[in-house]
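Thanks for coming. I have one model to show today, and I will keep to a few spots in it.

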Amino acid sequence: MSQQLRILASLKMKNILTTSNLNIGYKSKKGVTTIAENLNLSLASGKLITLIGANGIGKSTLLRTITGIQKPLSGNVYLNEKNISAYKPLELAQNLSLVLTEKLPPSNLSVFELVALGRQPYTNWVGTLTPEDIVKVNEALALTQITHLAKKRHFEISDGQLQKVLISRALAQDTPLIILDEPTTHLDLLHKVSLFKLLKKLTQETEKCILFSTHDIDLAIQLSDEMIMMTPENIVQDEPCNLISNGNFSNLFKDEHIIFDAEKGKFIVT
Amino acid sequence: MANKKRNTILFVVLSLGLLLMFFASISLGSVTIPLKEVFTSLTGGQATKSTWEYIIINYRLPKAITAVLVGTGLSISGLLMQTLFRNPLAGPDVLGLSSGASLGVAFVILGAGFLPSFLSIIALSSYGIVLASTLGSILVLFLVLWVSQKLRDTMAILIIGLMFGSFTTSIVSVLSYFSTAEQLQKFTFWSMGNLGNLSWTNIVILTVCVGIGLLLSVKSIKSLNALLLGENYAKSMGLNFKQARLIIIFATSILSGAITAFAGPVAFIGIAVPHIAKLTFQTSNHTILFWSTLFYGSIIMLFCDIVSQMPGFDVTLPINAVTSIIGAPVVIWLLVRKRNFQ
């Protein structure tokens with residue numbers, strides 16, 4: 001019985017994105033800069049996965065590579081068992097949505113209009129919203145609890161609210177995988193926690209896989225299903241408790257003044 | 001939806017305004033023609049005086065149509081550029097597109113003397129001038145685009161536009177030093193802007209060019225809406241960015257290039273009109289902005305044309321002076337009034 005359940009669970013936990021022997025880095029005139037080698041990561045549906053690592057370690061390069069923006073040095077990224085480089089832009093947009101750190105250009109967009117832009121991969125050539133699209137947009141607004149903001153202009157709301165709007169837009173895009181680049185920066189503790197909880201809730205309620213990079217390691221340990229940890233030596237993907245028991249966190253920062261307290265699950269400054 | 005109702009009312013008012021302005025522009029001028037006679041001539045009837053009919057059919061009607069084409073074309077081209085460059089100050093004149101077109105025309109008009117006679121006849125034909133001016137504006141737009149890729153700083157793009165403006169002025173003065181008084185006069189008149197010089201053939205050419213530009217703009221509406229969130233978001237929503245950008249650039253170049261060729265470098269319409277549309281319709285949705293910019297552009301251009309005619313007086317002001325006198329304060333007023341300048 002329990003074995004059947006496990007099989008069922010593993011079927012449900014379908015891998016959405018996998019990498020095979022992926023080498024990431026940059027090619028420039030001076031030569032090749034390798035950031036990480038031989039990566040075999042897998043992102044499964046219904047999981048909240050955080051990407052952590054010190055500044056400049058190459059988190060952005062990893063995200064850029066697995067989202068198909070940047071070419072890998074070698075190896076492959078598979079999204080729904082299809083090589084990501086074989087996707088057409090529109091098809092990719094129906095399978096992967098992003099929340100970026102960049103500032104939005106000035107415009108008069110209302111929150112509803114901004115979220116509705118997430119429907120672009122499905123709308124006709126002028127972008128007319130069908131009743132079905134409007135249902136999806138309203139669902140996305142409701143899931144992120146910002147329905148009351150729908151009529152506000154996007155520059156009239158707070159940073160925390162705007163972050164929710166951008167997540168809502170990604171939800172409206174209706175993709176099995178959402179990738180966010182440092183969504184918790186610029187937010188205070190209260191809003192960080194509420195954002196983490198929101199993402200957690202979304203993975204549980206929608207069976208989507210959500211991957212995001214963050215520097216809030218304490219919160220990530222408590223709330224994420226899996227973590228991808230980048231250090232100069234290697235990149236490991238595991239559940240937070242395993243990472244703690246294996247002592248991975250003590251390698252995260254190369255500084256004698258920062259020590260990881262495995263019992264409390266947080267970093268301590270000495 | 002309160003917005004929908006307001007938009008419908010606004011569009012009705014704008015359509016009526018356009019009709020009114022169109023007839024006003026045909027009825028008003030240095031020669032006073034009774035309104036009844038204007039209608040008779042327009043509907044194909046016989047006016048009391050044959051000169052009145054001649055003035056209306058061969059002078060005022062083409063001029064009004066030109067004003068509509070110029071107004072819509074320049075305004076739409078400004079709207080496209082403001083979204084593409086994520087810069088509220090972008091427009092065909094600020095970015096140096098008009099300068100580029102001027103340079104092309106200057107080479108043709110002032111430099112025609114250097115060409116063998118059969119080539120200079122081709123170059124000086126309306127096709128030659130349109131081609132030169134479109135090529136000139138495309139050249140500048142590619143330059144601006146190249147810089148915007150390298151620098152990613154929108155301020156730099158505006159400075160490039162200004163630099164190109166002064167570069168053009170100096171090239172033109174070098175060319176004019178070597179050209180005849182007749183050529184110089186031709187170029188000076190061109191550069192003051194003129195809506196009334198177009199033959200019906202020219203109007204057909206201009207209509208085709210503006211038509212192509214507007215069709216490409218309509219095709220770009222969805223891309224423009226995606227670009228409201230910036231290039232990277234637009235790409236993540238399935239936009240083929242390079243292709244979309246090429247279409248937008250081609251549309252703006254053909255619009256501002258063809259218009260500048262026939263009507264001269266008309267200032268401020270391109271930058272000011274999209275803002276008036278955005279301000280009154282309170283939206284960034286390009287489906288609505290496209291139509292409202294179209295209406296405002298033609299209404300404002302017709303109005304400027306009426307002012308330049310100075311009804312009741314014997315003088316005509318250069319159209320470029322009128323648009324600048326009206327446009328510059330509008331832009332300043334918008335900047336001062338709106339803290340969040342969209």
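This is a predicted model: local features need pLDDT of at least 70, side-chain atom pairs count only at pLDDT 80 or more; totals for chains, interfaces and linings use all residues.

Residues are numbered from 1 along each chain as its sequence is written, with chains lettered from A and ligands numbered from 1 in the order in which they are written.

First, the helices, which are DSSP runs of H or I with at least four residues, numbered from the N terminus; strands are runs of E with at least two. In chain B, the axes of α13 (residues 269–281) and α14 (residues 286–309) come within 9 Å and cross at roughly 125 degrees. Axes here are lines fitted to C-alpha atoms over the stretch in contact, with angles from 0 to 180 degrees between N-to-C directions. That makes α13(B) oblique to α14(B); oblique is what remains after under 35 degrees (roughly parallel), over 145 (roughly antiparallel) and 65 to 115 (roughly perpendicular).

Next, the chains. Which chain do 26 residues of chain B contact? They are in contact with 24 residues of chain A, contact meaning C-beta atoms, placed from the backbone, within 7 Å. On the chain B side, α10 (221–227) and α11 (231–236) each supply at least two residues.

Last, I178(A), found in strand β8 (residues 177–180) of chain A. I178(A) counts as buried because it has 22 C-beta neighbours inside 10 Å; the cut-offs are 20 or more for buried, 12 or fewer for exposed, and partly exposed in between. I178(A) touches S97(A), A170(A), K208(A) and I210(A), leaving aside residues up to four places away in sequence.

Technical notes:
Two residues are in contact if their C-beta atoms, placed from the backbone, lie within 7 Å.
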